[in-house]
Amino acid sequence: MAKRIEAAGVTAYYGAFKAIDSVSMTIEPKSVTALIGPSGCGKSTFLRSINRMHEVLPGARVEGRLTVDHQDVYARDVDVTAVRRMIGMVFQRPNPFPTMSIFDNVVAGLRLNGVRGKATLEDAAEKALRGANLWNEVKDRLKKPGGGLSGGQQQRLCIARTIAVEPQIVLMDEPCSALDPISTLAIEDLISQLKDKYTIVIVTHNMQQAARVSDRTAFFSIEKTGDPGRLVEYDDTQKIFTNPTERKTEDYITGRFG
Ligand SMILES: Nc1ncnc2c1ncn2[C@@H]1O[C@H](COP(=O)(O)OP(=O)(O)OP(=O)(O)O)[C@@H](O)[C@H]1O
């Protein structure tokens with residue numbers, strides 16, 4: 001189910017502004033890849049290029065080649081909705097539909113995809129909530145609004161909603177930045193479990209988090225404000241955090257800049 005992502009010379013623009021320049025990297029299936037680097041170096045832009053969310057903004061475009069198991073995500077005949085279904089996304093702030101019930105939140109994507117049938121939806125909701133480590137906490141209140149959960153529970157609800165449609169890749173854009181340390185650890189545990197099934201790419205500002213959850217780490221940087229972000233180094237997480245090849249990576253992870 002999990003898929004390999006290959007980026008070759010991926011360059012992304014906001015209008016005339018080049019935000020990332022020629023990013024090339026291969027992201028292995030069933031692994032967690034962390035994108036780290038100083039603010040504005042293009043981590044989120046690259047992440048959103050993977051599932052074609054970048055182009056949603058007026059004037060935003062992507063050049064280069066991005067494939068998922070050798071399938072060109074930007075090919076002319078590709079169904080963008082199918083791409084976004086295959087590549088799920090979890091955002092910085094938990095964004096459940098607040099007045100919708102927990103159950104309806106989880107199955108929202110399935111319903112959009114035309115899945116009907118009470119039993120089918122119930123089974124899918126339970127599976128997704130178990131997968132997101134939330135089932136035990138919510139199984140007796142599935143009819144209650146999603147907005148009534150704690151921040152950490154809401155984020156796990158959003159993860160359940162994402163995995164309910166059975167994507168192959170899960171992109172996470174700073175999924176813990178709005179959460180307390182305990183909820184953060186719960187999400188980190190969950191990420192480690194999810195990689196058995198999915199290819200996971202996570203943007204994080206928290207280097208300890210990158211070190212804890214990821215197998216591979218990509219360090220992005222910019223020369224100066226106004227320049228595009230570039231991929232500086234991409235390697236096993238262990239190597240990036242103990243013995244990086246590039247001086248810039250070392251300066252960043254040791255806190256000398258950024
Ligand atoms: N909607 C937008 N319109 C114009 N420029 C944008 C937009 N979003 C991001 N940018 C610019 O693109 C560059 C890369 O931004 P991006 O958000 O990808 O960086 P980031 O590394 O994820 O930053 P952060 O860590 O602060 O979230 C920045 O210079 C940013 O100002």
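Tutor: From strand β8, the side chains of Thr199, Val201 and Val203 point one way and those of Ile200 and Ile202 the other, and all of these residues are buried. In a regular strand the side chains alternate between the two faces of the sheet. A residue is called buried if 20 or more other C-beta atoms lie within 10 Å of its own, exposed if 12 or fewer do, and partly exposed in between, with C-beta atoms placed from the backbone. Since 5 of the 5 residues of β8 (residues 199–203) are buried, the strand is largely enclosed by the rest of the structure. Strands are DSSP runs of E with at least two residues, helices are runs of H or I with at least four, and both are numbered from the N terminus.

The model is a predicted one, in which local features need pLDDT of at least 70, side-chain atom pairs count only at pLDDT 80 or more, and totals for chains, interfaces and linings use all residues. Residue numbers start from 1 along each chain as its sequence is written.

The partners of β8 come next; two strands pair if DSSP finds at least two bridges between them. Strand β3 (residues 32–36) runs parallel to β8 and is joined to it by 4 bridges. Within that pairing, alanine 34 has isoleucine 202 as its bridge partner. β7 also pairs with β8 in the parallel sense, over 5 bridges, and isoleucine 169 stands opposite threonine 199 there.

Leaving aside residues up to four places away in sequence, it touches Val32, Ala34, Met172, Pro175, Ile191, Val213 and Ser214, where contact requires C-beta atoms, placed from the backbone, within 7 Å. Ile200 and Ile202 are also among the residues that touch the most other members of the largest nonpolar core, together with Leu35, Val106, Ala128, Ala160 and Leu171. That core has 68 residues, and its largest share, 6 residues, comes from helix α6 (residues 151–164). A nonpolar core is here a set of buried Ala, Val, Leu, Ile, Met, Phe, Trp, Tyr and Cys residues joined through C-beta atoms within 7 Å.

Leucine 179 counts as buried because it has 22 C-beta neighbours inside 10 Å. Its contacts, again without residues up to four places away in sequence, are Gly151, Gly152, Gln155, Thr184 and Ile187. Leucine 179 and lysine 43 are 136 residues apart in sequence and 20 Å apart in space, C-alpha to C-alpha.

Lysine 43 belongs to α1, whose buried residues are Lys43, Ser44, Thr45, Phe46, Leu47, Arg48, Ser49 and Ile50. α1 (43–50) and β2 (17–27) each supply at least two residues of the shell around the ligand, and α1 gives the most, with 3 residues. In total 13 residues surround the ligand, the closest being Tyr14, Ala19, Ser39, Ser44 and Thr45; a residue is near a molecule if its C-beta atom, placed from the backbone, lies within 6 Å of it. The shell divides into 5 nonpolar, 7 polar and 1 charged. Ala, Val, Leu, Ile, Met, Phe, Trp, Tyr, Cys and Pro count as nonpolar, Asp, Glu, Lys and Arg as charged, and the others, Gly among them, as polar.

β2 also takes part in an open sheet of 4 strands, ordered β2-β1-β4-β5 with antiparallel pairing. β2 and β5 (71–72) stand at the edges with a single partner strand each, so one side of each has no neighbour in the sheet. Strand β1 (residues 5–14) and β2 pair over 7 bridges, and isoleucine 5 has isoleucine 27 as its bridge partner. The two form a hairpin with 2 residues between them, and glycine 15 in the turn has a positive phi of about 60°.

Serine 22 lies in β2, and its phi is near 50°, a positive value in a residue other than glycine. Lysine 30, in the loop between β2 and β3, likewise has a positive phi near 50°. Most residues other than glycine have a negative phi.

How values were computed: Two residues are in contact if their C-beta atoms, placed from the backbone, lie within 7 Å.
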